[in-house]
Amino acid sequence: MNRPVGTATRGTTNPNRLRRMDRWIAHAHGPALRRADSAPVAVDLGYGAAPWTAVELLRRLRTADPRCRVVGIEIDPARVAAAEPYERDGLTFRHGGFEVPTADRPVLIRAANVLRQYDESEVADVWARLCGRLAPGGLLVEGTCDEIGRRHVWVALGPEGPRTVTFATRLGSLDRPSDLAERLPKALIHRNVPGEPVHAFLRDFDRAWAAAAPYASLGARQRWIEAVTDLAGTWPLTDDRRRWRQGEVTVEWAAIAPNAE
């Protein structure tokens, strides 16, 4: 057996930690799941010391397509053994890494809080390897969140590369949008400095948030919607008020991609 590609991460996890990412996936990628000719396979890559995120991913994806199957993949064989009692119809666990050892090419790979523990220089190669394992029309979602799932930032990638970046938060926990900077994925977290596009985006978001302060009396959600509406005037957002109401905003990757070295 070939050695799995990658290194073991800390493995910390909590129930419901990835709910915001899962809801977005079911919304944004649900049509592609339903178009699959056979039962679509989704991968929870690096699910951690406990299998909660894989169990929850199956339940949430099956709201989009009841045929979905989930494979949890972990590089630590002890974690795979601990997860096996949770296997059920549509849910299995396998030992592996970035080579994604599944019989069928997955329509979805979710890698949450995995690359954060790698060097920025390694990200592009890992993205390319994972995207190379996707089925036609597949999606890679890679990003980071806090320990209880209040704040997320993730990149969505297709076989051709990165497409969008989504910022998602529990609005009651937010002082300003740039609070989400601490959860930027590895490809962006060291680029939140003057002169980089992601820094400009968060700066403009903070300004729009400040300008929307009069709406705070109507609640954090209304203030967020007003700020994002303002932001949409200068940044290429790809979603609408239905998602903004969820405490989300998605922007084209090309607009905030790191400057070339």
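**View 1. Helix H1 packs against helix H2 at an angle of about 45°.** In this predicted model, H1 covers residues 19–35 and H2 covers residues 52–61, and their axes lie 9 Å apart. The crossing of H1 past H2 is right-handed. To find the contact, look on H1 for Arg19, Asp22, Ile25, Ala26 and Leu33, which meet Glu56, Leu57, Arg60 and Leu61 of H2. Sorted by type, the residues of this contact are 5 nonpolar and 4 charged, with no polar ones.

**View 2. Helices H6 and H7 cross at roughly 125°.** Here we move on to H6 (residues 197–211) and H7 (residues 220–231), whose axes come within 8 Å. The two helices are therefore oblique to each other, and their crossing is right-handed. On the H6 side you can pick out Phe201, Asp204, Phe205, Ala208, Trp209 and Ala210; they meet Ala220, Arg223, Trp224, Ala227, Val228, Asp230 and Leu231 of H7. What kinds of residue make up the contact of H6 with H7? They divide into 10 nonpolar and 3 charged, and no polar residues take part.

**View 3. Strand S8 pairs with strand S7.** Now for a pair of strands: S7 (residues 161–169) and S8 run antiparallel and are joined by 5 bridges. Is S8 (residues 248–252) mostly covered or mostly uncovered? Mostly covered, as 4 of its 5 residues are buried.

Definitions and conventions: Residues are numbered from 1 along each chain as its sequence is written. This is a predicted model: local features need pLDDT of at least 70, side-chain atom pairs count only at pLDDT 80 or more; totals for chains, interfaces and linings use all residues. Side-chain values use heavy atoms; hydrogens and water are left out. Axes are lines fitted to C-alpha atoms, for helices over the stretch in contact, and angles run from 0 to 180 degrees between N-to-C directions. Angles under 35 degrees count as roughly parallel, over 145 as roughly antiparallel, 65 to 115 as roughly perpendicular and the rest as oblique. A crossing is left-handed if the near helix is turned anticlockwise from the far one by less than a right angle, and right-handed if clockwise. Contact means heavy atoms within 4.5 Å. Ala, Val, Leu, Ile, Met, Phe, Trp, Tyr, Cys and Pro count as nonpolar, Asp, Glu, Lys and Arg as charged, and the others, Gly among them, as polar. Buried means under 20% relative accessible area, exposed over 50%, partly exposed in between (1.4 Å probe, protein chains only). Two strands pair if DSSP finds at least two bridges between them.
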